[in-house]
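Here is a short briefing on salt bridges and strand pairing. Have a look at the model first, then read on.

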Amino acid sequence: MSKPVNAYLHLHAEGVGVVIDLAEGRLPAVLHWGADLGALTVADAQALALTGVHVIAPNIVDEPVRVALLPEARTGWLGRPGISGSRGGRDWSPAFTTTALAIDGEDQDANGETPVLLERGTAEVTVLAVDHVAGLALELRIALTPGGLLRTRALLRNTGADAYQLDELVLAYPVPPVARELLDLAGQWGRERSPQRRALTVGTHLREGRRGRTGADAATVLHAGTPSFSFGSGEVWGVHVAWSGNHTHLAERLSTGEQVLGGGELLLPGEVVLAPGEHYSSPWLYGSYGEGLDGVAHRFHRYLRSRPQHPDVERPVTINVWEAVYFDHRLPPLLELAEIAASLGVERFVLDDGWFGSRRDDYSGLGDWTVSADVWPDGLHPLVDRVKDLGMQFGLWFEPEMVNLDSDVARAHPDWVLATGGRMPVPSRHQQVLDLGIPDAYAYIRDAILAMLAEYRIDYIKWDHNRDLVDAGSGPAGRPGVHAQTLAVYRLMDEIRAAHPGLEIEACASGGARVDLGILERTDRVWVSDCIDPLERQQMLRWSGQLLPPELLGSHIASGVSHTTGRSHDLDFRAATALFGHLGIEWDLRRASERERAELAEWIAFYKRERGLLLRGDLVRVDFPNASLTASGVVSPDRSRAIYSFASVATHETALLGRLRFPGLDPDRRYRVAPVLVGSAPSGLLPPQWWGVERDHSAYLADLHEGHAPRLRQVGEHLGVELPGSVLVHTGLVDARVNPDHVLLYSAEAVD
């Protein structure tokens, strides 16, 4: 029998340090997760552990409670246990002993009587533990990425002689007592990722996602930080569960003072029953620590950008035709749209819902993934060929997991619908969910998609998912099927990508209802929301960026009147908002005026020139106490260049806002800051003197007479002003005044 592991582990990267206690065969416990502590000795690690041992307070257990990454009830931990499950009431409180430790695949000699300190920068650590009495084996994987992102997952194996029902497996990271305020996200269809704050008090703040998908109301990242933390200040710890099915995020503070952040998959009753020898793998739990919310976000962004499959910076400007034509799939209008789009610089054309089966509306045809001969007598070839001739990529909409009951596939296979209790689930969007846990159903969808990819030159799939999973039972018995469905979707995407390595996939789910790092392992961007109203998008892009970098956020310029809110906005506001993401168009360009098309072409050209910065820069969000301003920017990694957006989103409570700061610049360098003037100037513009521009009076009157925003002309040799970065970061510049629902863009260029 192996001796217990007896070690301490110290990982550190990019200003983050993690110290883990593996002494005396106990499950790994985090002694420190936060700022880098520098070099440590084994004596330091022992002292760090010793100085964290709580005194025995009255009326609690007589031994200090130790909170492991997988919290154990047997230690006296009275919060949520890491494992909930049993064999019909037996083996429900396991007691694990660690027996082996490997770092980056190499076994470590760490089973001696004297503890050792294993010091690494970044590493992937595997810890093996067993409980022979309960008949369970546990594998914990712990990794610190080069960007300082902590991630952990667990694998639980049944080594007993009979079945073990797992009800929950939750991992947790301790956070220090200075973290007393919580922030996570909520939302709804058309208003995804809305922030909410509260105090971290005694009890459990539990966010459950029971939709069978991530959800528009998902916590996304659950943060704990020092009181009043902001984008730029305060210590902040955040966790994210990388799973696209049912899930939990939790923050817990006990009456004894311990507090943790954690989460995992939410399992439905009886969903995971492990036969002897079988195992369950949890989702990855990601942890990010940083100075302010921007510091937390940067670690997620750097991790994603380090992946070999991460999209190239030259992301094609896209037009999606849904809001232009809806279900009207006549070839001439689509060809006209393609011609106009290509002439303006668009690089990808995406055909949305309505090309297949009987799908003339959203009542029928879903699941019949063959081109409709009624609408497309010559197939999609005339459209695809013309799009390709115009130099654009071609994309196509699918909703592979869904089915209308009025479809050929549902009539032939009614048993392929996820259902339980001998009843059909309540409809949503007139559709049901196809059970991909059934091998024949899975094969049918896979083969249908692969057949389309084989026949047509498709570069891009818009993969939609338009309803929650309700009563999602699988097979004749109707057992809970969300877990199997989620794994099947992952497998389906992986199989399709393996067959077509250059294919890009967009994760769309009623807009932004599937935004998580599980789906992002298999997709290349998310559709932020079905609402493209730029006023709403200002906030949705701002908070979606807490997890994902701009290049993964589908960000489109819509028509002047929003199809979801009915609001009207000028083109400069719509375009300047959409710049800070993967740019696209969602607009019937046939109805756009010549002036609008010309201005749109200017915005597209500007985006193409600057997408290297816009899609690889560090996101910064400006803290400002006046809610009428939403300000952010992207700063190049070497801090030589930046583009900032100052959006007026409401009437100010004062006539002027005063000086606005430019975070993220190098205080020790000098920069020239200048307004970025694309197309017409924003409505109501009053430029400050430092801009170095003036109104051309005759042109100004002419523009007003024609109902256009006024044009400006430059005064002097250089536009803008040159100042040290320290002044721009700590003092700032007075902003111009514009009417609400308009944006001012600024560039900052290092001059030394």
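**Strand S35 and its neighbours**

Strand S35 and strand S36 (residues 641–648) run antiparallel and are joined by seven bridges. Two strands count as paired if DSSP finds at least two bridges between them; helices (H or I, at least four residues) and strands (E, at least two) are DSSP runs, numbered from the N terminus. This is a predicted model, in which local features need pLDDT of at least 70 and side-chain atom pairs count only at pLDDT 80 or more, while totals for chains, interfaces and linings use all residues. Residues are numbered from 1 along each chain as its sequence is written, and side-chain values use heavy atoms, with hydrogens and water left out.

*Pairing*

- Ala631 stands opposite Phe646 in S36.
- S35 and S36 make a hairpin with five residues between them, and Arg639 in the turn has a positive phi of about 60°.
- S35 also pairs with strand S34 (residues 618–621), in the antiparallel sense and over four bridges.
- In S35, Val635 has Asp618 opposite.

*Burial of S35*

- Seven of the seven residues of S35 (residues 629–635) are buried, where buried means under 20% relative accessible area, exposed over 50% and partly exposed in between (1.4 Å probe, protein chains only).
- Both faces of the strand are covered: Leu629, Ala631, Gly633 and Val635 are buried on one side, and Thr630, Ser632 and Val634 on the other.

*Salt bridges*

- Side chains of opposite charge can pair when their charged atoms come close.
- A search of the whole structure finds 50 salt bridges, each being a side-chain nitrogen of Lys or Arg within 4 Å of a carboxyl oxygen of Asp or Glu.
- Arg87 and Asp91 form one of them, with their closest N and O atoms 2.7 Å apart; Arg87 is buried, at a relative accessible area of 6%.
- A network of salt bridges links Arg87, Arg90, Asp91 and Asp162.

*Links between distant parts of the chain*

- Arg611 and Glu347 meet through their side chains in a salt bridge (3.0 Å, N to O).
- This pair links distant parts of the chain, 264 residues apart: Arg611 lies in helix H11 (residues 594–614), and Glu347 in the loop between helix H4 (331–344) and strand S23 (348–351).
- Both Arg611 and Glu347 are buried.
- Arg423 forms a salt bridge with Asp471, the closest N and O atoms being 2.9 Å apart, and the two residues are 48 residues apart.
- Arg423 is partly exposed, with a relative accessible area of 45%, and Asp471 is partly exposed at 29%.
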